[in-house]
Each structure stands twice: as C-alpha cells, then as structure tokens.
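Biologist: I would like to learn how to read a fold of this kind step by step, beginning with the sheet and ending with the side chains. Could you take me through it?

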Amino acid sequence: MIFRKAKFSDVEDILKLINDYAEQGLMLARARNTLYEGLREFVLAEEDGQIIGVAALHLIWDELAEIRALAIHPSKIKTGVGTKIVEILTEEARELGIKTLFALTYQPGFFAKLDFEEVPKENVPHKMWKECINCPKFPNCDEIAMVKKL
C-alpha cells in the first residue's frame, strides 16, 4: 500500500468513493469541480492500483485547517488506512504551522481516537463556517465538530 498526493487521473475514483458514502447519508457529497479545484489538498491510499482511502487538508485561515472528505473503501475500514491518512495530513499541518485542526464528522469516535476533542459548534472560530453557506444542510448542520490542538 502506498500513500501519495492525488493526481488529475484520480478524480473520478475519489468522486465515486466519497459520493457512494454521501448517498448513504454518511458524509457530504462533493462536486467534481470542487475536487479538481482542491486536488492539491488530497492525500490518498492506493493498493494494487486501486484508491482505497482519501482525505484532504483544507486551509481555512491563519493557523486553522480542516480535515475533510475522509472516505475509506468499505473493505478497508478498521485496517488503519484512515488513521494513517489523518496522521499524514496532521504532519503536513504541523509543517505549515497550523495550530488548530478540525473536522466536521458523523464519525466522532474515529477522530477521538486520534486525539481530537468534540466541541460545541458555537465554540469554534467563525472562519470555520465560511464555506458552510454552500452546503445543502445549511443552516441545520448535523455534523459533529472535532478539534485538535497541534
């Protein structure tokens, strides 16, 4: 298994992996154009030429970043792939000087195992919500806010 940055040729596989979960209500869908625009943010896991996991580190504001679009192929859940991707993105965040890393998630237990703490959404920096206006669930977000201080 290898972990690497995403390439243009990965977009359709990333889109399918993320949106398969979105159709089940387990994460938010992503549009193809959004993936292309943010391609440099993504790290993925590949095994035997197949993408089996993906997530992105999205910079929000001064020393604040989000881990987003974390999706692991169903056959690879609980194998450490998601943990490794988040560890890679966390290290990248540290190298950039990020002080606060957050995730909005339906899987708080996963992030808690990686030292993220659940916080009331009202307590997170307002800059975190700048893109939520485009979300179909806005303003009734049901995701859980998790924060990790680096």
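Biologist: In what order do the seven strands of the open sheet stand?

Modeller: Bear in mind that this is a predicted model. Reading across the open sheet, the seven strands follow the order β1-β2-β3-β4-β5-β7-β6, and their pairing is mixed. β1 (2-5) and β6 each have a single partner strand and stand at the edges, so one side of each is left without a neighbour in the sheet. From one strand to the next, the twist averages 30°.

Biologist: How many bridges join β2 to β3, and which residue stands opposite leucine 44?

Modeller: Strand β2 (residues 42-47) and strand β3 (residues 50-61) run antiparallel and are joined by six bridges, with leucine 44 standing opposite valine 54 in β3.

Biologist: And which strands pair with β7?

Modeller: Strand β5 (residues 100-105) pairs with strand β7 (residues 144-149) in the antiparallel sense over six bridges, and here leucine 104 stands opposite alanine 145. Strand β6 (residues 117-119) also runs antiparallel to β7, to which three bridges join it; glutamate 118 has methionine 146 in β7 as its bridge partner.

Biologist: Turning to a loop residue, is leucine 28 buried or exposed?

Modeller: Leucine 28, which has its place in the loop between α1 (11-23) and α2 (32-37), counts as buried because its relative accessibility is 18%, and the cut-off for buried is under 20%. The C-alpha atoms of leucine 28 and alanine 69 are separated by 7.8 Å, although these residues are 41 residues apart along the chain.

Biologist: How should I read the aromatic pairs, and how many does a search of the whole structure find?

Modeller: In general, one describes a pair of aromatic rings by the distance of the centres and the angle of the planes. Here the search of the whole structure finds three aromatic pairs. In the pair of phenylalanine 110 and phenylalanine 111, the ring centres are 5.1 Å apart and the planes stand at 85°, so the pair is edge-to-face. Phenylalanine 110 is partly exposed, with a relative accessible area of 24%, whereas phenylalanine 111 is buried at 4%.

Biologist: Which residues do ring pairs link into a cluster?

Modeller: The cluster linked by ring pairs consists of Phe110, Phe111 and Phe116.

Methods: Residues numbered from 1 in each chain as written. Predicted model: local features only at pLDDT ≥ 70, side-chain atom pairs only at ≥ 80, totals over all residues. Heavy atoms only, no water. Phe/Tyr/Trp six-rings, centres within 6.5 Å; stacked < 30°, edge-to-face > 60°. Buried < 20%, exposed > 50% of the residue type's maximum accessible area, 1.4 Å probe, protein only. Helix = DSSP H or I, 4+ residues; strand = E, 2+ residues; numbered from the N terminus. Pairing = 2+ DSSP bridges. Axes fitted to C-alpha atoms, helices over the stretch in contact; angles between N-to-C directions.
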